[in-house]
Amino acid sequence: MLDHLAARVNGDANLVRRGKHVTTTFLIAIDNADHLVSVAEGRITAIRPGPFITPNYSFALRASRDSWEKLWSPTPLPGFTDVFALVKKKLLRIEGDLHPFMSNLLYFKGVLAAGKAAA
Amino acid sequence: MSPRFEPAIGRYLHLDLLGRPHRLYVEEAGQGIPLLCLHTAGSDGRQYRGLLNDERITKNYRVIVFDMPWHGKSSPPAGWENEEYRLTSRDYVRMILEISAALELDRPVVMGCSIGGRIVLHLAHEHPEKFRAIVGLESSPKVDPYYDTSWLHRPDVHGGEVSAGIVSGLVAPTAPDEGRWETLWHYMQSGPGVFKGDLYFYMIDGDISDKLDHIDARRCPLYLLTGEYDYSCTTEGTLEVARRTGAQATIMKDLGHFPMSENPEKFIGYLLPVLEEIRTARKANAA
(Lines give C-alpha, C1' and ligand atoms only; values in the text may rest on other atoms or scores of the structure.)
Protein backbone atom coordinates (compact mmCIF):
# COMPACT_ATOMS: atom_id res chain seq x y z
CA MET A 1 0.00 0.00 0.00
CA LEU A 2 3.00 2.27 0.50
CA ASP A 3 4.69 1.44 -2.80
CA HIS A 4 4.40 4.88 -4.35
CA LEU A 5 4.45 7.00 -1.21
CA ALA A 6 8.07 8.16 -1.38
CA ALA A 7 7.95 9.07 -5.06
CA ARG A 8 4.71 10.99 -4.65
CA VAL A 9 5.88 12.92 -1.60
CA ASN A 10 9.33 13.68 -2.97
CA GLY A 11 7.83 14.69 -6.32
CA ASP A 12 5.60 17.30 -4.67
CA ALA A 13 7.81 20.37 -4.23
CA ASN A 14 5.19 22.23 -2.19
CA LEU A 15 4.77 19.34 0.21
CA VAL A 16 8.54 18.97 0.64
CA ARG A 17 8.76 22.72 1.28
CA ARG A 18 6.01 22.47 3.91
CA GLY A 19 8.01 19.73 5.62
CA LYS A 20 11.44 21.27 5.39
CA HIS A 21 11.83 21.23 9.18
CA VAL A 22 10.74 17.59 9.48
CA THR A 23 13.46 15.04 10.10
CA THR A 24 12.17 11.97 11.88
CA THR A 25 11.20 8.34 11.52
CA PHE A 26 7.58 7.38 12.10
CA LEU A 27 5.71 4.11 11.94
CA ILE A 28 2.70 3.16 9.83
CA ALA A 29 1.03 -0.08 10.90
CA ILE A 30 -1.36 -1.75 8.46
CA ASP A 31 -3.02 -4.50 10.47
CA ASN A 32 0.04 -6.00 12.17
CA ALA A 33 2.47 -5.07 9.42
CA ASP A 34 4.78 -2.29 10.61
CA HIS A 35 6.58 0.08 8.28
CA LEU A 36 9.18 2.61 9.34
CA VAL A 37 9.07 5.76 7.25
CA SER A 38 12.16 7.96 7.48
CA VAL A 39 11.92 11.63 6.56
CA ALA A 40 14.80 14.09 6.15
CA GLU A 41 13.95 17.76 5.62
CA GLY A 42 10.58 16.86 4.17
CA ARG A 43 11.78 14.14 1.80
CA ILE A 44 11.10 10.47 2.42
CA THR A 45 14.48 8.75 2.45
CA ALA A 46 13.40 5.21 3.29
CA ILE A 47 10.35 3.04 3.87
CA ARG A 48 11.36 -0.19 5.59
CA PRO A 49 8.85 -3.00 6.11
CA GLY A 50 8.99 -4.97 9.38
CA PRO A 51 8.88 -7.07 11.37
CA PHE A 52 11.18 -5.20 13.73
CA ILE A 53 12.58 -6.39 17.04
CA THR A 54 13.25 -2.92 18.45
CA PRO A 55 11.65 -0.38 16.12
CA ASN A 56 12.88 3.14 16.79
CA TYR A 57 10.42 5.85 15.82
CA SER A 58 8.87 9.06 17.09
CA PHE A 59 5.18 8.34 16.57
CA ALA A 60 3.04 5.57 15.14
CA LEU A 61 -0.18 5.52 13.16
CA ARG A 62 -1.93 2.18 13.59
CA ALA A 63 -5.08 1.06 11.78
CA SER A 64 -6.52 -1.96 10.04
CA ARG A 65 -5.99 -2.51 6.33
CA ASP A 66 -9.69 -1.91 5.82
CA SER A 67 -9.49 1.51 7.52
CA TRP A 68 -6.40 2.55 5.54
CA GLU A 69 -8.08 1.47 2.32
CA LYS A 70 -11.10 3.58 3.15
CA LEU A 71 -8.93 6.60 4.00
CA TRP A 72 -6.90 6.11 0.81
CA SER A 73 -9.89 5.58 -1.46
CA PRO A 74 -9.89 8.03 -4.39
CA THR A 75 -13.34 9.13 -3.23
CA PRO A 76 -13.47 8.43 0.52
CA LEU A 77 -16.88 8.06 2.09
CA PRO A 78 -18.08 10.53 4.72
CA GLY A 79 -16.50 9.59 8.03
CA PHE A 80 -13.33 8.24 6.39
CA THR A 81 -11.82 11.40 4.89
CA ASP A 82 -9.12 12.16 7.45
CA VAL A 83 -6.91 10.55 10.10
CA PHE A 84 -8.83 12.38 12.82
CA ALA A 85 -12.10 11.06 11.41
CA LEU A 86 -10.69 7.57 11.94
CA VAL A 87 -9.36 8.51 15.39
CA LYS A 88 -12.82 9.73 16.35
CA LYS A 89 -14.29 6.40 15.24
CA LYS A 90 -11.52 4.61 17.20
CA LEU A 91 -10.34 2.99 13.97
CA LEU A 92 -6.87 4.58 14.09
CA ARG A 93 -4.49 5.18 16.95
CA ILE A 94 -1.79 7.81 17.06
CA GLU A 95 0.84 6.85 19.63
CA GLY A 96 4.25 7.89 20.85
CA ASP A 97 5.87 11.32 20.79
CA LEU A 98 3.23 13.32 18.94
CA HIS A 99 5.24 16.52 18.80
CA PRO A 100 6.71 16.00 15.31
CA PHE A 101 3.26 15.01 14.04
CA MET A 102 1.26 17.84 15.63
CA SER A 103 3.80 20.57 14.95
CA ASN A 104 3.84 19.60 11.25
CA LEU A 105 0.26 18.43 10.95
CA LEU A 106 -0.50 19.82 7.52
CA TYR A 107 2.71 18.25 6.20
CA PHE A 108 1.90 14.81 7.58
CA LYS A 109 -1.67 15.05 6.32
CA GLY A 110 -0.17 15.81 2.92
CA VAL A 111 2.09 12.76 3.22
CA LEU A 112 -0.87 10.56 4.09
CA ALA A 113 -2.90 12.04 1.23
CA ALA A 114 -0.07 10.95 -1.05
CA GLY A 115 -0.94 7.39 -0.04
CA LYS A 116 -4.26 7.64 -1.83
CA ALA A 117 -4.90 5.20 -4.63
CA ALA A 118 -4.83 6.76 -8.05
CA ALA A 119 -8.35 7.79 -9.07
CA MET B 1 -9.68 42.69 -13.84
CA SER B 2 -11.08 46.17 -13.23
CA PRO B 3 -10.95 47.27 -9.58
CA ARG B 4 -14.19 47.06 -7.65
CA PHE B 5 -15.45 47.32 -4.10
CA GLU B 6 -17.66 44.67 -2.56
CA PRO B 7 -21.01 45.95 -1.23
CA ALA B 8 -20.26 45.00 2.40
CA ILE B 9 -19.52 47.76 4.89
CA GLY B 10 -17.22 47.06 7.83
CA ARG B 11 -17.27 49.16 11.01
CA TYR B 12 -16.08 48.99 14.60
CA LEU B 13 -18.80 48.88 17.24
CA HIS B 14 -18.03 50.06 20.77
CA LEU B 15 -20.28 48.56 23.42
CA ASP B 16 -20.33 47.08 26.86
CA LEU B 17 -20.35 43.34 26.53
CA LEU B 18 -20.46 40.91 29.44
CA GLY B 19 -19.91 43.91 31.71
CA ARG B 20 -16.74 45.19 30.03
CA PRO B 21 -16.04 47.70 27.27
CA HIS B 22 -15.42 46.01 23.93
CA ARG B 23 -14.51 47.03 20.40
CA LEU B 24 -16.06 44.67 17.87
CA TYR B 25 -15.68 44.46 14.13
CA VAL B 26 -19.02 44.18 12.33
CA GLU B 27 -19.70 43.77 8.62
CA GLU B 28 -23.03 44.02 6.92
CA ALA B 29 -24.64 44.12 3.51
CA GLY B 30 -28.19 44.18 2.20
CA GLN B 31 -31.53 45.28 3.52
CA GLY B 32 -34.63 43.69 4.95
CA ILE B 33 -34.89 40.97 7.54
CA PRO B 34 -31.81 41.03 9.80
CA LEU B 35 -29.75 37.85 9.47
CA LEU B 36 -27.17 37.67 12.26
CA CYS B 37 -24.36 35.25 11.38
CA LEU B 38 -22.07 33.46 13.88
CA HIS B 39 -18.68 32.14 12.79
CA THR B 40 -16.99 28.91 13.87
CA ALA B 41 -14.49 28.37 16.69
CA GLY B 42 -11.07 29.89 16.11
CA SER B 43 -12.12 31.71 12.94
CA ASP B 44 -13.90 34.98 12.18
CA GLY B 45 -16.65 36.64 10.18
CA ARG B 46 -14.80 36.43 6.88
CA GLN B 47 -16.30 32.96 6.60
CA TYR B 48 -19.56 34.60 5.51
CA ARG B 49 -18.25 36.74 2.68
CA GLY B 50 -20.05 34.57 0.14
CA LEU B 51 -23.38 35.54 1.70
CA LEU B 52 -22.47 39.22 2.05
CA ASN B 53 -21.76 39.29 -1.68
CA ASP B 54 -24.79 37.40 -2.94
CA GLU B 55 -27.59 39.62 -4.18
CA ARG B 56 -30.06 36.76 -4.03
CA ILE B 57 -29.68 37.00 -0.26
CA THR B 58 -28.97 40.69 0.31
CA LYS B 59 -32.00 41.90 -1.69
CA ASN B 60 -34.26 40.59 1.11
CA TYR B 61 -31.93 40.20 4.07
CA ARG B 62 -29.66 42.53 5.99
CA VAL B 63 -26.73 40.18 6.53
CA ILE B 64 -24.77 41.08 9.67
CA VAL B 65 -21.55 39.35 10.68
CA PHE B 66 -19.51 40.20 13.75
CA ASP B 67 -16.13 38.90 14.84
CA MET B 68 -16.49 37.59 18.36
CA PRO B 69 -14.24 39.24 20.96
CA TRP B 70 -10.67 37.85 20.62
CA HIS B 71 -11.41 36.87 16.99
CA GLY B 72 -10.66 38.46 13.63
CA LYS B 73 -10.50 42.24 13.84
CA SER B 74 -12.31 42.42 17.19
CA SER B 75 -10.04 43.14 20.11
CA PRO B 76 -9.87 41.12 23.27
CA PRO B 77 -11.05 43.24 26.21
CA ALA B 78 -8.46 45.36 28.03
CA GLY B 79 -6.62 43.22 30.55
CA TRP B 80 -6.70 40.14 28.34
CA GLU B 81 -3.01 39.53 28.97
CA ASN B 82 -3.83 38.49 32.52
CA GLU B 83 -6.50 35.91 31.75
CA GLU B 84 -7.04 32.70 29.81
CA TYR B 85 -9.73 32.95 27.15
CA ARG B 86 -12.46 30.36 27.65
CA LEU B 87 -15.91 30.54 26.07
CA THR B 88 -18.89 29.40 28.13
CA SER B 89 -22.51 28.81 27.13
CA ARG B 90 -23.66 31.56 29.46
CA ASP B 91 -21.31 34.20 28.09
CA TYR B 92 -21.93 33.17 24.48
CA VAL B 93 -25.72 33.53 24.84
CA ARG B 94 -25.34 36.87 26.59
CA MET B 95 -22.92 38.10 23.94
CA ILE B 96 -25.33 37.40 21.10
CA LEU B 97 -28.28 38.99 22.89
CA GLU B 98 -26.27 42.08 23.87
CA ILE B 99 -24.91 42.57 20.36
CA SER B 100 -28.35 42.10 18.85
CA ALA B 101 -29.74 44.70 21.27
CA ALA B 102 -26.86 47.13 20.59
CA LEU B 103 -27.58 46.89 16.86
CA GLU B 104 -31.30 47.37 17.61
CA LEU B 105 -32.23 44.31 15.61
CA ASP B 106 -35.93 43.46 15.61
CA ARG B 107 -36.25 39.70 16.09
CA PRO B 108 -33.45 38.78 13.71
CA VAL B 109 -32.90 35.45 12.10
CA VAL B 110 -29.82 34.03 13.79
CA MET B 111 -27.59 31.58 11.93
CA GLY B 112 -24.46 29.99 13.36
CA CYS B 113 -22.01 27.30 12.31
CA SER B 114 -20.33 24.67 14.51
CA ILE B 115 -19.98 26.43 17.90
CA GLY B 116 -22.46 28.86 16.33
CA GLY B 117 -24.62 25.91 15.33
CA ARG B 118 -24.56 24.74 18.93
CA ILE B 119 -25.23 28.08 20.59
CA VAL B 120 -28.29 28.65 18.40
CA LEU B 121 -29.74 25.54 20.05
CA HIS B 122 -29.18 27.23 23.41
CA LEU B 123 -30.93 30.31 22.02
CA ALA B 124 -33.81 28.13 20.82
CA HIS B 125 -34.03 26.69 24.32
CA GLU B 126 -33.71 29.88 26.35
CA HIS B 127 -34.84 32.74 24.11
CA PRO B 128 -36.98 31.52 21.20
CA GLU B 129 -39.19 34.63 21.40
CA LYS B 130 -36.28 36.89 20.55
CA PHE B 131 -35.72 35.42 17.08
CA ARG B 132 -37.79 35.24 13.90
CA ALA B 133 -36.14 31.96 12.99
CA ILE B 134 -33.00 30.03 13.89
CA VAL B 135 -30.67 28.34 11.44
CA GLY B 136 -28.09 25.87 12.73
CA LEU B 137 -25.22 24.92 10.46
CA GLU B 138 -23.34 21.82 11.54
CA SER B 139 -25.42 21.59 14.72
CA SER B 140 -25.04 18.69 17.11
CA PRO B 141 -26.00 18.30 20.77
CA LYS B 142 -22.41 17.59 21.85
CA VAL B 143 -19.01 16.55 20.54
CA ASP B 144 -16.81 14.40 22.72
CA PRO B 145 -13.11 15.35 22.60
CA TYR B 146 -11.24 13.27 20.03
CA TYR B 147 -7.83 14.90 20.39
CA ASP B 148 -5.93 16.68 23.12
CA THR B 149 -6.74 20.37 22.68
CA SER B 150 -3.64 21.40 24.65
CA TRP B 151 -1.73 20.96 21.35
CA LEU B 152 -3.51 24.08 20.12
CA HIS B 153 -1.76 26.44 22.54
CA ARG B 154 1.83 25.77 23.50
CA PRO B 155 4.95 27.71 22.58
CA ASP B 156 6.69 24.86 20.75
CA VAL B 157 3.85 24.31 18.26
CA HIS B 158 2.65 27.00 15.85
CA GLY B 159 -0.95 27.60 16.94
CA GLY B 160 -2.21 28.74 13.56
CA GLU B 161 -0.62 25.89 11.65
CA VAL B 162 -1.82 23.20 14.03
CA SER B 163 -5.33 24.66 14.19
CA ALA B 164 -5.54 24.63 10.41
CA GLY B 165 -4.14 21.12 10.41
CA ILE B 166 -6.75 19.93 12.90
CA VAL B 167 -9.69 21.30 10.92
CA SER B 168 -8.37 20.60 7.41
CA GLY B 169 -9.99 17.19 7.29
CA LEU B 170 -13.36 18.68 8.12
CA VAL B 171 -13.52 20.40 4.74
CA ALA B 172 -15.30 18.19 2.21
CA PRO B 173 -12.89 16.40 -0.15
CA THR B 174 -15.00 17.76 -2.98
CA ALA B 175 -14.50 21.43 -1.96
CA PRO B 176 -12.71 23.70 -4.43
CA ASP B 177 -9.10 24.38 -3.46
CA GLU B 178 -9.69 28.13 -3.15
CA GLY B 179 -12.50 27.69 -0.61
CA ARG B 180 -10.59 25.01 1.28
CA TRP B 181 -7.42 27.06 1.68
CA GLU B 182 -9.19 30.32 2.44
CA THR B 183 -11.06 28.51 5.22
CA LEU B 184 -7.74 27.22 6.58
CA TRP B 185 -6.09 30.64 6.27
CA HIS B 186 -8.63 32.05 8.73
CA TYR B 187 -7.58 29.37 11.22
CA MET B 188 -3.92 30.10 10.63
CA GLN B 189 -4.55 33.72 11.65
CA SER B 190 -6.34 32.95 14.90
CA GLY B 191 -4.91 34.47 18.08
CA PRO B 192 -2.98 32.23 20.48
CA GLY B 193 -5.26 30.01 22.53
CA VAL B 194 -8.45 31.33 21.00
CA PHE B 195 -9.46 28.16 19.13
CA LYS B 196 -8.72 26.15 22.27
CA GLY B 197 -10.78 28.58 24.35
CA ASP B 198 -13.74 28.21 21.99
CA LEU B 199 -13.47 24.43 22.14
CA TYR B 200 -14.11 24.58 25.88
CA PHE B 201 -17.65 25.54 24.92
CA TYR B 202 -17.78 23.12 21.99
CA MET B 203 -16.51 20.00 23.74
CA ILE B 204 -17.30 20.57 27.40
CA ASP B 205 -19.53 23.40 28.59
CA GLY B 206 -21.93 23.61 25.64
CA ASP B 207 -23.35 20.08 25.74
CA ILE B 208 -27.09 20.55 25.28
CA SER B 209 -28.10 16.88 25.12
CA ASP B 210 -30.25 17.01 28.26
CA LYS B 211 -32.16 20.10 27.15
CA LEU B 212 -33.01 19.15 23.57
CA ASP B 213 -36.44 17.79 24.48
CA HIS B 214 -37.35 21.22 25.86
CA ILE B 215 -36.72 22.94 22.54
CA ASP B 216 -39.88 23.33 20.50
CA ALA B 217 -39.43 24.35 16.88
CA ARG B 218 -43.06 25.56 16.90
CA ARG B 219 -42.06 28.40 19.24
CA CYS B 220 -39.36 29.55 16.84
CA PRO B 221 -38.81 27.91 13.45
CA LEU B 222 -35.57 25.90 13.58
CA TYR B 223 -33.70 24.83 10.46
CA LEU B 224 -30.63 22.60 10.45
CA LEU B 225 -28.21 22.30 7.54
CA THR B 226 -25.28 19.89 7.89
CA GLY B 227 -22.60 18.85 5.41
CA GLU B 228 -22.42 15.12 4.74
CA TYR B 229 -18.62 15.08 5.24
CA ASP B 230 -18.67 16.65 8.71
CA TYR B 231 -17.26 14.11 11.17
CA SER B 232 -17.12 16.63 14.04
CA CYS B 233 -20.78 17.65 14.08
CA THR B 234 -22.07 14.47 12.53
CA THR B 235 -25.16 14.09 10.41
CA GLU B 236 -26.40 11.65 13.05
CA GLY B 237 -26.09 14.38 15.67
CA THR B 238 -28.03 16.82 13.53
CA LEU B 239 -30.78 14.29 12.85
CA GLU B 240 -31.03 13.63 16.59
CA VAL B 241 -31.54 17.35 17.20
CA ALA B 242 -34.23 17.41 14.51
CA ARG B 243 -36.01 14.38 15.91
CA ARG B 244 -36.11 15.76 19.44
CA THR B 245 -36.98 19.38 18.61
CA GLY B 246 -39.15 19.24 15.50
CA ALA B 247 -36.53 21.14 13.51
CA GLN B 248 -36.34 20.79 9.75
CA ALA B 249 -33.02 19.12 8.86
CA THR B 250 -31.23 18.89 5.54
CA ILE B 251 -28.04 16.95 4.93
CA MET B 252 -26.01 18.83 2.33
CA LYS B 253 -24.19 16.85 -0.34
CA ASP B 254 -20.55 17.62 -1.15
CA LEU B 255 -20.14 19.89 1.89
CA GLY B 256 -18.23 19.56 5.14
CA HIS B 257 -17.95 21.48 8.40
CA PHE B 258 -17.53 24.96 6.87
CA PRO B 259 -20.21 25.13 4.18
CA MET B 260 -20.35 28.93 3.88
CA SER B 261 -16.63 29.34 3.28
CA GLU B 262 -15.42 26.06 1.81
CA ASN B 263 -17.94 26.11 -1.01
CA PRO B 264 -20.19 29.20 -0.79
CA GLU B 265 -22.02 28.65 -4.06
CA LYS B 266 -22.99 25.08 -3.19
CA PHE B 267 -24.05 26.13 0.33
CA ILE B 268 -26.13 29.08 -0.79
CA GLY B 269 -28.07 26.70 -3.01
CA TYR B 270 -29.22 24.97 0.18
CA LEU B 271 -29.70 28.18 2.16
CA LEU B 272 -31.86 30.13 -0.29
CA PRO B 273 -34.99 27.93 0.05
CA VAL B 274 -34.71 28.19 3.85
CA LEU B 275 -34.45 31.98 3.74
CA GLU B 276 -37.33 32.11 1.29
CA GLU B 277 -39.48 29.97 3.57
CA ILE B 278 -38.70 32.24 6.53
CA ARG B 279 -39.51 35.33 4.48
CA THR B 280 -42.74 33.87 3.11
CA ALA B 281 -43.87 32.75 6.55
CA ARG B 282 -43.29 36.27 7.82
CA LYS B 283 -45.48 37.70 5.07
CA ALA B 284 -48.20 35.12 5.73
CA ASN B 285 -48.15 35.98 9.43
CA ALA B 286 -48.42 39.67 8.66
CA ALA B 287 -51.39 39.17 6.34
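1. Basis. In this predicted model local features need pLDDT of at least 70 and side-chain atom pairs count only at pLDDT 80 or more, whereas totals for chains, interfaces and linings use all residues. Residues are numbered from 1 along each chain as its sequence is written, chains are lettered from A in the order in which they are written, and side-chain values use heavy atoms, without hydrogens and water.

2. Confidence. The predictor assigns the complex an ipTM of 0.96 and a pTM of 0.96.

3. Interface. Contact (heavy atoms within 4.5 Å) joins 17 residues of chain A to 23 residues of chain B. In chain A, Lys88(A), Met102(A) and Leu106(A) lose the most area to chain B, together 36% of what that side buries. Buried area is the accessible area (1.4 Å probe) that two parts lose on being put together, summed over both; here the total is about 1,600 Å², with carbon and sulfur atoms giving 71%.

4. Thr183(B). Because its relative accessibility is 0%, Thr183(B) counts as buried (under 20% relative accessible area, 1.4 Å probe, protein chains only). Leaving aside residues up to four places away in sequence, Thr183(B) touches Phe258(B), Ser261(B) and Glu262(B).

How values were computed. Buried means under 20% relative accessible area, exposed over 50%, partly exposed in between (1.4 Å probe, protein chains only).
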